[in-house]
Amino acid sequence: MIDRPTILVAGATGSIGGAAALALAKRGADVVLLGRRPDRLEARASRIRTELAAGDSVAAGDSVEADDGMATDIATLVIDFADMASVRRAAAEALERFPRLDGLVLSVGAYLEGGPNILPDGHEAMFATNVMGPFLFTELLLDRLAQSGGLVLHVIAPFEKEIDWNDLESIEHHGTMTAYNRTKVFNRAIAGETARRYAGRISSVAFNPTYVIDKSDPTLADRWPTGFMGFWWKLMTLLFARKPAVAGEPIARLMLRHDDRAALNGALFRLDRRIRKPDRAMNDEAMGGKLWDELVVRTRAAV
């Protein structure tokens, strides 16, 4: 038997993060739900506990067999990825509360209209939330994750947009979709750079969940974009959206593959399928290194 792993899930109140948290809990992992709003975190935790109590199970070979005889723990941790002070506080709390950290699922993807939305510290909100905060949080937890050969899974989107290094945060020339797509390129670049820099200590993979929406989410109507983009997303949801479990289940399987994490390092997955074709952003070492250096400077300066 092995010790029960502890997995942190950022964006746990969203469709993908929530499904991943449930799938991990069903397999016997201790799960820490990360999000900005305590009420939504507690609601998600309660929902997961209810589903666990209902007795849904997974295949015996696909679960964790712990040796402590205790029930799976569902914990919550409040964090605002747009606020670097909040990120630092949450990381410190995580290190204090959880002596073992086996993995981190980064399912963070804010889409903010009406930008650029400038935060009090001068950073653009979408860039801070999607890129700076997850980067800093991972760095602050690195040593604890390394103790168990941890796995960091970056939920990505395959969007492409050229990078303007003179306007990295898309402040001077801001279009909502352009700025968002750039953050998705950055996510893939950081997934690849993390794999290169920390090989042998932790493993880093990128995960494409395809198009997943929880249509039963009562808050969904409040989160649609406006105008044509809102119409387009609603149409795509009606025609193509898949249930959250489609992404949550393969995320859980990846996170609990303790026997071959090193072999996964630097990989890109589309659901359960490992993509062998090199991803441009993940494999661009010059871009990854330059972005990394920029993020180190910006996160250290942010207070």
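Figure 1. Ala125 sits in helix 4, where helices are DSSP runs of H or I of at least four residues, strands are E runs of at least two, and both are numbered from the N terminus. This is a predicted model, in which local features need pLDDT of at least 70, side-chain atom pairs count only at pLDDT 80 or more, and totals for chains, interfaces and linings use all residues. Residues are numbered from 1 along each chain as its sequence is written, and side-chain values use heavy atoms, with hydrogens and water left out. With a relative accessible area of 7%, Ala125 is buried; buried means under 20% relative accessible area, exposed over 50%, and partly exposed in between, using a 1.4 Å probe and protein chains only. Setting aside neighbours within four places in sequence, Ala125 touches Ala82, Leu112, Asn117 and Leu119, a contact being heavy atoms within 4.5 Å.

Figure 2. A cavity is found on a 1 Å grid over the protein atoms alone, as a set of points where a 1.4 Å probe fits but cannot get out; a pocket is an open set with protein on both sides within 12 Å along at least five of seven lines, and lining residues have an atom within 4 Å of a point. Grid points are joined across faces, edges and corners, and a volume is the space filled by probe spheres set on the points. Counted this way, there are two cavities of 30 Å³ or more. By class, the lining of the largest cavity has seven nonpolar, five polar and no charged residues. Here Ala, Val, Leu, Ile, Met, Phe, Trp, Tyr, Cys and Pro count as nonpolar, Asp, Glu, Lys and Arg as charged, and the others, Gly among them, as polar.

**Figure 3. The second largest cavity, with helix 4 and helix 5 in its lining.** About 40 Å³ of space lies in this second largest cavity. Among the residues that line the second largest cavity are Glu124, Phe127, Leu168, Ser170, Arg182 and Phe186. Helix 4 and helix 5 each supply at least two lining residues, and helix 5 gives the most, with four. The lining of the second largest cavity divides into five nonpolar, two polar and three charged residues.

**Figure 4. Helix 5 from end to end.** The 22 residues of helix 5 reach 31 Å from first C-alpha to last, close to the expected 32 Å at 1.5 Å a residue; the expected span is 1.5 Å times one less than the number of residues. Helix 5 is largely enclosed by the rest of the structure, because 18 of its 22 residues are buried.

**Figure 5. An aromatic cluster of Tyr111, Phe159 and Tyr180.** These three residues form one aromatic cluster. Rings of Phe, Tyr and Trp (its six-membered ring) pair if their centres lie within 6.5 Å; planes under 30 degrees apart count as stacked, over 60 as edge-to-face and the rest as tilted. The whole structure has six aromatic pairs. One of them is edge-to-face, with Tyr111 and Tyr180 at 5.3 Å centre to centre and 75° between the planes. This pair links distant parts of the chain, 69 residues apart: Tyr111 is in the loop between strand 4 (103–106) and helix 4, and Tyr180 is in helix 5. Both Tyr111 and Tyr180 are buried. The pair of Phe159 and Tyr180 is tilted, because the ring centres are 6.3 Å apart and the planes lie at 55°. Phe159 belongs to the loop between strand 5 and helix 5, so its pair with Tyr180 ties together parts 21 residues apart in sequence. Phe159 is partly exposed, at 33% relative accessible area, whereas Tyr180 counts as buried at 11%.

**Figure 6. The second largest pocket.** This pocket holds about 240 Å³ of space. Of its 16 lining residues, Ala19, Leu22, Arg47, Glu51 and Pro244 lie nearest its centre. Helix 1 (15–26), helix 2 (38–53) and helix 8 (245–255) each give two or more residues to the lining.
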